[in-house]
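Please examine the sequence and the model shown here.

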Amino acid sequence: MGGFGCPRSWRRPFTFDANCPAGYLARMSASNGEPPSLPAIEVRGLRKSYGAVEAVRGIDLSVSRGEVFALLGPNGAGKTTTVEILEGHRDRTGGDVSVLGHDPGLNDRAFKQRIGIVLQSTGVEPYLNVEETIDLFRGYYPHPLPLGEILDVIGLREQRCTRVRRLSGGQQRRLDVAIGLAGHPELLFLDEPTTGLDPAARRGAWDMVNSLRSLGKTVVLTTHYMDEAERLADRVAIIVEGEIVAEGTPGELVRREGSTIIRFKARPGADSPPEGLGAEPAGEVGRYTITTGTPTHSLLQLTGWAVERGVELEELSVSTSTLEDVFIELVGATERDGMEE
Ligand code: ATP
């Protein structure tokens, strides 16, 4: 099984067995015969209701092959429901879904063989070492990804002989990804890959996702961290209350939905900025922010007013919104609209 010479633990890894349950059986063919130019995922009008709760309300999505795609949204937005439908783990109420050319609702074995799923935690045997654990899962497939390649992608080559119970949280998370990769999937679903990790471990996980991209894998990830989505994702979709409210590259979303934020402090006792400037008090007395789509004009107005009144604008700064600003604005706007209905 291609080991690197670790002393074996008490239990030998399995080898491929043609009688394994269908979910563990390997992918028998590299493709389903569909043209490689087809998107990895194509969703039209996806709906899912749990009784009276409409969790997903008519979603359209397209994910290209080799793309890292992030699904973002607040708690309860419908991300997990959507991803579980794409994985074939949940029935849909309506709409058309194609994943690698398969309808995941049909639950066919060929489809399961072509995807990898990394849940928030995978139950693995704590007394096996890293290499044995990966080999155990590789043994379920006739064409697994080579062990060395997996160790390189997840960055655990040095820990290959370490028992699972001795791994840090971040290392265990990487091992979860190794398990998802074992069968050499074309498409990997990553559920919140860095939740609970410290900043250094998060960066390690980001490197790992970038390695997956280099391997040409299509990756669908869910995350609550906007900086993570901004760093990793080629494209993101923001889902709120079961609908997609924005979609595009992180850069496009910031340019399309974002704005410029001007911050400054006027000395106590100075006149307040005139209403037309749109300056909002920001915490400490005398501190303001202006959120604007026309920064040149707003700056001219602000500095013109300040020069005229002899007001020094201390700590003047101009910055563009981040994906997090855009996310908070879009989620807030949808919730406000919902309350007005
Ligand atoms: P989180 O970020 O908290 O994981 P999410 O975006 O993944 O949230 P979902 O878990 O898909 O959201 O839930 C969407 C909606 O569907 C929520 O209102 C949730 O309460 C509801 N829901 C999810 N699963 C079920 C279920 N099995 N039965 C009934 N309602 C459910």
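The model is predicted: local features need pLDDT of at least 70, side-chain atom pairs count only at pLDDT 80 or more, and totals for chains, interfaces and linings use all residues. Residues are numbered from 1 along each chain as its sequence is written, and side-chain values use heavy atoms, with hydrogens and water left out.

The secondary structure of the protein comprises 10 helices and 13 strands; these are DSSP runs numbered from the N terminus (helices: H or I, at least four residues; strands: E, at least two). Of its 341 residues, 45% are buried (under 20% relative accessible area, 1.4 Å probe, protein chains only). Among contacts (heavy atoms within 4.5 Å) between residues at least 6 apart in sequence, 70% join residues at least 24 apart.

An open sheet of 4 strands has the order S11-S12-S10-S13, with antiparallel pairing; two strands pair if DSSP finds at least two bridges between them. Strand S11 (279–281) and strand S13 (313–320) are the edge strands, each pairing on one side only.

| Strands | Bridges | Facing residues |
|---|---|---|
| S10 (residues 260–266) and S13 | 6 bridges | Ile 262 and Val 318 |
| S8 (residues 235–240) and S9 (residues 243–248) | 5 bridges | Ile 239 and Ile 244 |

S8 and S9 form a hairpin with 2 residues between them, and Glu 241 in the turn has a positive phi of about 45°.

Conventions. Buried < 20%, exposed > 50% of the residue type's maximum accessible area, 1.4 Å probe, protein only.
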